[in-house]
Amino acid sequence: MSNFKIAIIGAGSVGFTKKLFTDILCVPEFHDVEFALTDLSAHNLDMIKSILDKVIEANNLPTKVTATTDRREAIAGARYIISCVRVGGLSAYADDIQIPLKYGVDQCVGDTICAGGILYGQRNIPVILDFCRDIRELAEPGAKFLNYANPMAMNTWAAIEYGKVDTIGLCHGVQHGGEQIAEILGAKEGDLDFICSGINHQTWFVDVRLRGRRIGKDELVAAFEAHPVFSAQEKLRIDVLKRFGVYSTESNGHLSEYLPWYRKRPEEVARWIDMSDWIHGETGGYLRHSTETRNWFETEFPQFLEAAAKPIDPTRRSNEHASHILEALETGRVYRGHFNVKNNGVITNLPSDAIIESPGFVDRFGINMVAGITLPEACAATCISSINVQRMSVHAAISGDIDLLKLAVLHDPLVGAVCTPEEVWQMVDEMVVAQAEWLPQYADAIPAARERLSKATVRTREWKGVARREIRSIEELRAEMDATKLRAAG
């Protein structure tokens with residue numbers, strides 16, 4: 001039996017928190033752990049606690065669940081701290097997408113690099129450092145911080161280098177890409193093995209084996225092009241596979257943002273994306289999806305409660321890494337996964353200080369990464385471009401240096417393919433002014449940015465791309481969100 005505490009920050013993300021919770025309780029040794037939930041929204045905390053209490057009752061478990069808006073109380077005494085926060089919520093996220101679009105920077109997601117991802121990191125990093133301070137002061141000695149929040153590499157970089165906390169970054173892009181490859185090859189469970197390596201959202205299937213037989217580029221290309229769905233939805237990924245020789249883990253929409261060749265001209269965007277779902281490249285697709293579904297758990301709360309009353313089925317445990325890592329650390333049962341950690345020479349042709357995503361094994365002694373991986377040169381070159389942007393972005397977020405922030409955005413591959421330096425300088429000024437309430441490190445720089453904007457000489461553009469559905473304006477979104485908050489408070 002194991003008796004320890006797990007704190008989940010951002011636990012108001014109802015569906016994801018329930019998944020983490022039930023995954024962990026699929027491990028028999030974890031039935032008597034304590035879960036401490038914390039979030040800014042007391043309303044969301046009440047909902048998720050009701051759901052988890054119902055799970056405990058239905059399964060007759062001794063598990064303890066507490067919920068508080070006091071983060072330090074939740075972290076106190078915790079052995080594991082899991083973060084799935086979105087600093088600034090949808091209001092700030094709308095700025096990440098809509099302001100760059102005025103300058104011709106077309107993003108599908110905007111949460112990793114590109115203009116949106118960089119500003120997302122500026123909002124997140126001060127908060128991540130607050131988490132780390134609380135962990136150092138209050139958590140169990142040697143506590144581990146599991147970060148699920150984007151921008152993954154920047155958050156993890158800041159937590160390790162500046163937060164001085166034992167941090168692991170976790171994502172599910174590798175798992176999803178592996179499921180695609182299994183489907184196109186007709187692989188059954190256990191038939192497919194692979195090694196993915198790179199950086200988060202730019203990880204590459206450098207070795208794919210079907211029942212021990214290595215699968216090369218030509219076979220993968222033929223299988224993807226023959227697939228009735230993926231051949232249409234993953235056109236860009238297939239093109240990169242043809243040119244680079246390896247498949248990317250990341251979705252068509254995400255990958256298109258990190259490469260400077262596919263989204264820099266409006267008339268080109270439609271060639272490479274598919275509008276059947278936002279994730280395949282729609283302009284502002286994830287913002288639209290998030291806005292339309294932001295209250296889904298409110299309407300589906302009765303269904304959540306009904307589902308919570310059913311017994312946990314251990315065979316339906318998800319492939320999210322968190323529960324498997326905790327099981328390996330606590331029981332010694334070895335788990336192999338792909339983790340975001342500091343490189344330190346694991347990937348031979350990426351910088352040592354970079355946050356990589358690569359294979360590792362977990363047991364009682366911690367995470368042991370597979371060392372000596374060398375990426376194909378084109379993959380390494382693409383990753384290094386992003387790493388340079390991430391490094392500058394992290395250092396800007398720590399120092400509050402707005403000039404360094406502008407240089408980070410200028411060096412972003414897609415932004416640099418679209419914007420002039422003057423446009424970048426004005427765009428960043430506009431973004432930091434719009435997001436001032438979440439950017440305390442730039443408090444001294446924002447008045448001057450506001451003054452420069454009042455005298456702006458760079459004209460923004462009317463984006464004439466065809467790869468978009470209607471995106472709600474920032475003003476409409478904020479007004480509707482304020483009304484939702486008032487209803488919840490009432």
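Cys383 is buried (under 20% relative accessible area; exposed is over 50%, partly exposed in between, with a 1.4 Å probe and protein chains only). Its relative accessible area is 0%. Cys26 is buried too, at 12%.

This is a predicted model, in which local features need pLDDT of at least 70, side-chain atom pairs count only at pLDDT 80 or more, and totals for chains, interfaces and linings use all residues. Residues are numbered from 1 along each chain as its sequence is written, and side-chain values use heavy atoms, with hydrogens and water left out.

**Cysteines**

A disulfide here is a pair of cysteine sulfur atoms within 2.5 Å. The whole structure has zero disulfides. Cys383 is in no disulfide either.

| Cysteine | Nearest cysteine sulfur | Distance | Relative accessible area |
|---|---|---|---|
| Cys383 | Cys379 | 6.8 Å | 0% |

**Nonpolar cores**

A nonpolar core is a set of buried Ala, Val, Leu, Ile, Met, Phe, Trp, Tyr and Cys residues joined through side-chain atoms within 4.5 Å. The largest has 99 residues, and Ile6 and Phe35 have the most contacts inside it. Helix H17 (residues 377–399) supplies the largest share, eight residues. Helices are DSSP runs (H or I, at least four residues), numbered from the N terminus. A second, separate core has 21 residues, including Val174 and Leu192.

Contact means heavy atoms within 4.5 Å. Setting aside neighbours within four places in sequence, Ile6 contacts Phe35, Ile24, Tyr80 and Leu326, among others.

**Helix H4**

H4 spans residues 89–102, 14 residues in length. From first C-alpha to last it reaches 21 Å, close to the 20 Å expected at 1.5 Å a residue. That expected span is 1.5 Å times one less than the number of residues. Of the 14 residues, 12 are buried. Among them are Leu90, Tyr93, Asp96 and Pro100. Gly104 follows H4, with a positive phi near 90 degrees.

**Gly281**

Gly281 sits in the loop between helix H12 (266–272) and helix H13 (285–292). It is buried, at 0% relative accessibility. Beyond residues up to four places away in sequence, Gly281 touches Cys108, Gly253, Arg263, Ile273 and Asp274.

**Confidence**

pLDDT is the predictor's confidence in each residue, from 0 to 100. The protein averages 93, and 93% of the residues score at least 70. Over residues 484–490 the pLDDT is below 50. Where pLDDT is low, the predicted coordinates should not be read in detail.

Methods. Helices (H or I, at least four residues) and strands (E, at least two) are DSSP runs, numbered from the N terminus.
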